[in-house]
Amino acid sequence: MSGADQTTHFGFRDVPLNDKQTLVNDVFHSVAQRYDLMNDLMSAGLHRLWKQLMINALDPSRGDTRFCLLDVAGGTGDIAFRAAQAAGPGFRATVCDINSDMLAVGRERAVAQHLDDRVSFVEGNAEALAFSNNTFDAYTIAFGIRNVPRIDCALSEAFRVLRPGSRFLCLEFSTVDVPGLDRIYDLFSFNVIPPLGRAVTGDAESYRYLVESIRQFPRPAAFADMIRSAGFSRVGWQSFSGGIVALHSGWRL
Ligand code: SAM
């Protein structure tokens, strides 16, 4: 079946596979300027803690040795900046994202934080990375993979561009598994986040998509199988905040 005939989820809607990326791009073009503020408001600042836990797991080299991180769907640069702050002088990050508006905000932030010499921004698609095989020492993707239409292609590309012995880390919303918290989380997600999105960005629909897309993402064990199928070894995950998010990990051996 070609991409024109296949369907996929865009939130709770079924859409042609080939249309999903355009719809996703519209979401992030619409919210880019207020994306970082909305993250703080929606998560009460918790996204900072989750991202820091990802950086702790990444544990970038603190020395002079060259360490090249590829942060895919890196948007406004949060993961790359945090990694740069934790790392030594040999650290370089490439933030790759399909959305020029998100990247533009990221570039401004890099200059403001004096990190523009160590963090660069490149427009590109996770499904078809414009980098050579065996280029990077680590690959991160935070809250990005569920937006990519062909997740299996993105995982294969991650494997291809990583050097043998390097790490794949994926932070993503997951499945709440604490009785009681699941109902509160659903109520908050569907009743608070879209109106908050309307108040802050003027766009409730984009935030409805974000909430719905979380529910469509595979459960952690199923996603771990996808990571294994892409070729990664020692695949595992850790759940945080009652399963609101999970940090998936694999090694390219
Ligand atoms: N990683 C950042 C963070 O944690 O704050 C941004 C995450 S944001 C929720 C999702 C990002 O995925 C957006 O910037 C969007 O443009 C990007 N994205 C969606 N589809 C993509 C694709 N196929 N390739 C690369 N980036 C993509």
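# A tour from the ligand to the salt bridges

Start by selecting the ligand: 20 residues surround it, and the closest are Gln21, Ala73, Asp97, Ala126 and Ala142. Keep in mind that this is a predicted model.

**Stop 1: the ligand and its pocket**

The ligand takes up the space of the largest pocket. Now color the helices. Both α1 (17–31) and α2 (35–43) supply at least two residues each to the shell around the ligand. With 3 residues, α1 gives the most to that shell.

**Stop 2**

Select asparagine 125 and show its side chain. One of its polar side-chain atoms lies 2.9 Å from a nitrogen atom of the ligand. Move on to alanine 126, where a polar backbone atom is 2.9 Å from a ligand nitrogen. Then select isoleucine 98: here a polar backbone atom is 3.4 Å from a nitrogen atom of the ligand. On its own the ligand has 600 Å² of accessible area, and the protein covers 99% of it.

**Stop 3: salt bridges**

Leave the ligand and look at charged side chains. Side chains of opposite charge can pair when their charged atoms come close. How many salt bridges does the structure hold? There are 12.

Select helix α6 (residues 151–161), which contains both arginine 160 and glutamate 157, 3 residues apart, or about one turn of the helix. Their side chains meet in a salt bridge, at 2.8 Å from N to O. Is glutamate 157 buried or exposed? Its relative accessibility is 12%, so glutamate 157 counts as buried, the cut-off being under 20%. Arginine 160 is partly exposed, at 23%.

Next, go to helix α9 (residues 204–216). Glutamate 205 and arginine 208 are 3 residues apart there, about one helical turn. They form a salt bridge whose closest N and O atoms are 3.2 Å apart. Glutamate 205 has a relative accessibility of 52%, so it counts as exposed, the cut-off being over 50%. Arginine 208, with a relative accessible area of 29%, is partly exposed.

Continue to helix α10 (residues 220–229), which holds aspartate 225 and arginine 228, again 3 residues apart and about one turn of the helix. The closest N and O atoms of this salt bridge are 2.7 Å apart. Aspartate 225 is partly exposed, with a relative accessible area of 42%, and arginine 228 is partly exposed at 40%.

**Last stop: a network**

Finally, select Asp36, Lys51, Asp78 and Arg109 together. Salt bridges link these residues in a network.

Note on methods
Residues are numbered from 1 along each chain as its sequence is written. This is a predicted model: local features need pLDDT of at least 70, side-chain atom pairs count only at pLDDT 80 or more; totals for chains, interfaces and linings use all residues. Side-chain values use heavy atoms; hydrogens and water are left out. A salt bridge is a side-chain nitrogen of Lys or Arg within 4 Å of a carboxyl oxygen of Asp or Glu. Helices (H or I, at least four residues) and strands (E, at least two) are DSSP runs, numbered from the N terminus. Buried means under 20% relative accessible area, exposed over 50%, partly exposed in between (1.4 Å probe, protein chains only). A residue is near a molecule or strand if one of its heavy atoms lies within 4 Å of it. A polar contact is a pair of N or O atoms within 3.5 Å; within protein, one must be able to donate a hydrogen and the other to accept it, and residues adjacent in sequence count only if both atoms are side-chain atoms. Accessible areas come from the Shrake-Rupley method with a 1.4 Å probe; for residues, only the protein chains shown count as cover. On a 1 Å grid over the protein atoms alone, a cavity is a set of points where a 1.4 Å probe fits but cannot get out, and a pocket is an open set with protein on both sides within 12 Å along at least five of seven lines; lining residues have an atom within 4 Å of a point. A molecule sits in a cavity or pocket if more than half of its atoms lie within 2 Å of its grid points.
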